Amino acid sequence: MSSDDERDEKELSLSSPEVVTKYKGAAEIVNKALQVVLAECKPKAKIVDICEKGDSFIKEQTGSMYKNAKKKIERGVAFPTCISVNNTVGHFSPLASDETVLEDGDMVKIDMGCHIDGFIALVGHTHVLQDGPVSGRKADVITAANTAAEVALRLVRPGKKNTDVTEAIQKVAAAYDCKIVEGVLSHQMKQHVIDGNKVVLSVASPEATVEEVEFEENEVYAIDIVASTGDGKPKLIDEKQTTIYKKDETVNYQLKMKASRFIISEIKQNFPHMPFTARSLEEKRARLGLVECVNHGHLQPYPVLYEKSGDFVAQIKFTVLLMPNGSDRITSHTLQELQPTKTIEDPEIKGWLALGIKKKKAKKAGEKGEASTEAEPMDATSNAQE
């Protein structure tokens, strides 16, 4: 690597204070956006309206930043707001014409992202539309997802491997008699890259394998934990529900239809790197052109998948910066009160939860004690809340 390349890499990594500031700025906005969306999640509220509010809030908040920068700095929505209910696994962000509403008792998964200059902060949260504590299987699956997320936070650290995390989160889910949902990936993120090459697989199988890698200092990850009371093998029911896509910059196939060429040029201009929703495009023309774009690989779809009716699916997603002084989780939201039917008894899981997240600074000469890792243990017998 040339010295120029090394300098560029350093300037774009967490070793640059400006980069850390941009990640944390994006995180602050998406955490606030999550609160805005949660406040809108009420019985009879239209899901599309809530999704629009989340995206609009992020656009407004980022729009006022870096206005006077010498070069144009891209900023805004890094992942469109999704509201996926009950047995829906994720990616439900319907078109404007959709009339789906929330109902009392629904288990609502909110998934969204913000970026500043291509530095991305993603968050996912689960909330049940009810007053008072959540109990029974709903509480079990949310606690399973959250406890698995807490374990992942402690295992995604320099020196550990992605396979360590895959095995651990499945063990946690099993302790609550739940399953981690297959096909969900946690990705390393870089500037303008939401799905980097280093990946944590939720469930390893002969069909689903990834390269074993080690986490390193100054990396950024979006850890996505999705747990289910069902069998964890979701299905596609209706392709027409897919509305979120991402441009594949490596594909150069010449599109035949005029509508497709129009749509792809609009996407290149407005969404060159980040996933987007078809709501952002001219809807009638988009529907015509999107099919050809997907069929020839220009666009990667994010399908809406389902567990069986009656199953509950919970999601916790967070962004973590692997800083020299420890892990910095920059996106999250406190859970409502949970009363799961199970508690963690497994000593290995308790051990993971007792691991520290931050490193304590070494004490100066003359002071007692040595450098240690700050214990931020999570009480494995509690609700496993953040």
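A: The account below begins with the core and then turns to the salt bridges.

This is a predicted model, in which local features need pLDDT of at least 70 and side-chain atom pairs count only at pLDDT 80 or more, while totals for chains, interfaces and linings use all residues. Residues are numbered from 1 along each chain as its sequence is written, and side-chain values use heavy atoms, with hydrogens and water left out.

A nonpolar core is a set of buried Ala, Val, Leu, Ile, Met, Phe, Trp, Tyr and Cys residues joined through side-chain atoms within 4.5 Å. Buried means under 20% relative accessible area, exposed over 50%, and partly exposed in between (1.4 Å probe, protein chains only). The largest such core has 50 residues, and C41, I83, L102, I110 and M112 have the most contacts inside it. Among the elements that give two or more residues to this core are helix 2 (17-40), helix 3 (47-63), strand 8 (220-228) and strand 14 (313-323). Helices (H or I, at least four residues) and strands (E, at least two) are DSSP runs, numbered from the N terminus. Helix 2 supplies the largest share of the core, 11 residues.

M112 illustrates the packing. Leaving aside residues up to four places away in sequence, M112 touches V30, A33, L34 and V37, and its other partners include I58, F79 and L122; contact here means heavy atoms within 4.5 Å. Another core, of 42 residues, lies apart from this one and has A139, A314, V320 and L338 among its members.

The charged pairs come next. Side chains of opposite charge can pair when their charged atoms come close. A salt bridge is a side-chain nitrogen of Lys or Arg within 4 Å of a carboxyl oxygen of Asp or Glu, and the structure holds 23 of them.

One of these joins K22 to E18, with the closest N and O atoms 3.1 Å apart. Both residues lie in helix 2, 4 residues apart, about one turn of the helix. K22 counts as buried because its relative accessibility is 5%, whereas E18, at 48%, counts as partly exposed.

Another bridge, between R279 and E52, has an N to O distance of 3.0 Å. This pair links distant parts of the chain, 227 residues apart: E52 is in helix 3, and R279 is in the loop between strand 11 (276-277) and helix 7 (283-295).

K317 and D224 also form a salt bridge, with their closest N and O atoms 3.9 Å apart. K317 lies in strand 14 and D224 in strand 8, so the pair ties together parts that are 93 residues apart in sequence.
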